[in-house]
Amino acid sequence: KQWYQRRVRGIFGSQLDAKWNKTEAPHYWCYKNSPDFTTLWLCFECMVPKVIDCWVDNMLLNFTSGVFVNRDGVETRTNDFGGTGGIECIDKNCYYPYFKAMVEGIAAVPGYVRGVNLRAAPYDFRYGANSPVGKDLINDLKLLVEDTYQKTGNKPVSIIAHSMGNLYMIEFFKTVSTAWKKQHIKRYITISGVFGGSVKSIRALVSGEIESIPRVLVNANAVRAFQRTFQSIYWLLPRKEVFSKDEILVYTPDRNYTAHQLGELLTDANFPEGADVLKSIEGSDTFVEPGVDVYCIHGSDIPTAAQFRWRPGYFPDYQPDQIDGPGDGTVNQPSLELCRKFKRLKAYRIYPGIKEGEHMQILLNPRVIEYVTQILNSTSTGQDERVLHF
């Protein structure tokens, strides 16, 4: 039996709690003080009219001297680090299950126990890996892997990551030695990896992205207000390794933009601060070899935002028209397929169609869950790349 530790998805994939003691608030009805931790994400009761402004003020990050931090007086935390409670569902009542089906599928295999050898590392999805919060997470992840390794009789750990969690894993593998990886890591299973960024993130910064979060948030401009303060959104922008300098991603009445001109795009969208933020992710936006055995899983054949066209008078405060291309509904196909470049790729599986391979639905797919459990119980070490469609 190989022992298993799990990573999670990026945007909005972990529960967050907060407490605060602030000197000012956006409205008189907003509490300036909350001495005990309370739910920050996902908080349904926070998203009603008027109250949502109080919630947004607590979700925002400040960008000061090139570093992202919580708003003054706000303290946040994730739930159940080392257990699985913080990532099985996005909300505490589990109206929005996330990794729940996958956890239950693995826990049903004899020998796996939640919190013992079936573990998770939830993280604050607002930050990128090179932020102080991100660096703390990477250090905590290393300690969690070592703890799991020791408590399970020095058995190497299998890691599963979904979506932006894969970007964190690439950064994590940069920080540990080849010898450490050989001793502690059995395999790395990547699901729906956003290795080359996602075109959809452009809309989030320009006009607000309301498709990636529950529909209870419908005001795109209110959503944009806090998305622009999330370092992770910039981290998810289309990357130059995948999108060429000749490939137009954004059309506006005045000019067009490629992935190599995103700083100019944000400046022209009346958000010059965004161009400065882009500099904060330098060094954590390069695609590198993880140096471990890799199993790559992702969806395909689903319409995915490939270009945006803003009509006259719509840029940047109104939603653009979307032109679709191939992908998993969130991540573009070329970005998903970057995992095929890994030297130690052992297997590569594609699940086409919305029911099988959509970015979130893939975690609920019984075929995917069964395949993951098969990988975890496999002792094969031979090089065997298989491209399988289901």
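K50 is exposed in this predicted model, with a relative accessible area of 53%; exposed means over 50% relative accessible area, buried under 20%, and partly exposed in between, with a 1.4 Å probe and protein chains only. K50 is found in the loop between β3 and α1. Although K50 is not a glycine, its phi is positive, at about 75°.

A positive phi is also found at S163, a residue other than glycine, where the value is near 55°. S163 counts as buried, at 6% relative accessibility. The loop that holds S163 runs between β8 (157-162) and α5 (165-175). Helices (H or I, at least four residues) and strands (E, at least two) are DSSP runs, numbered from the N terminus.

Cis peptide bonds were also recorded. The bond from W41 to L42 is cis, with omega near 0°. L42 lies in the loop between β3 (33-41) and α1 (51-59), and K50 is likewise placed in the loop between β3 and α1. The peptide bond from F315 to P316 is cis, again with omega near 0°. P316 belongs to the loop between β13 (304-309) and β14 (321-325).

As the model is predicted, local features need pLDDT of at least 70 and side-chain atom pairs count only at pLDDT 80 or more, whereas totals for chains, interfaces and linings use all residues. Residues are numbered from 1 along each chain as its sequence is written, and side-chain values use heavy atoms, with hydrogens and water left out.
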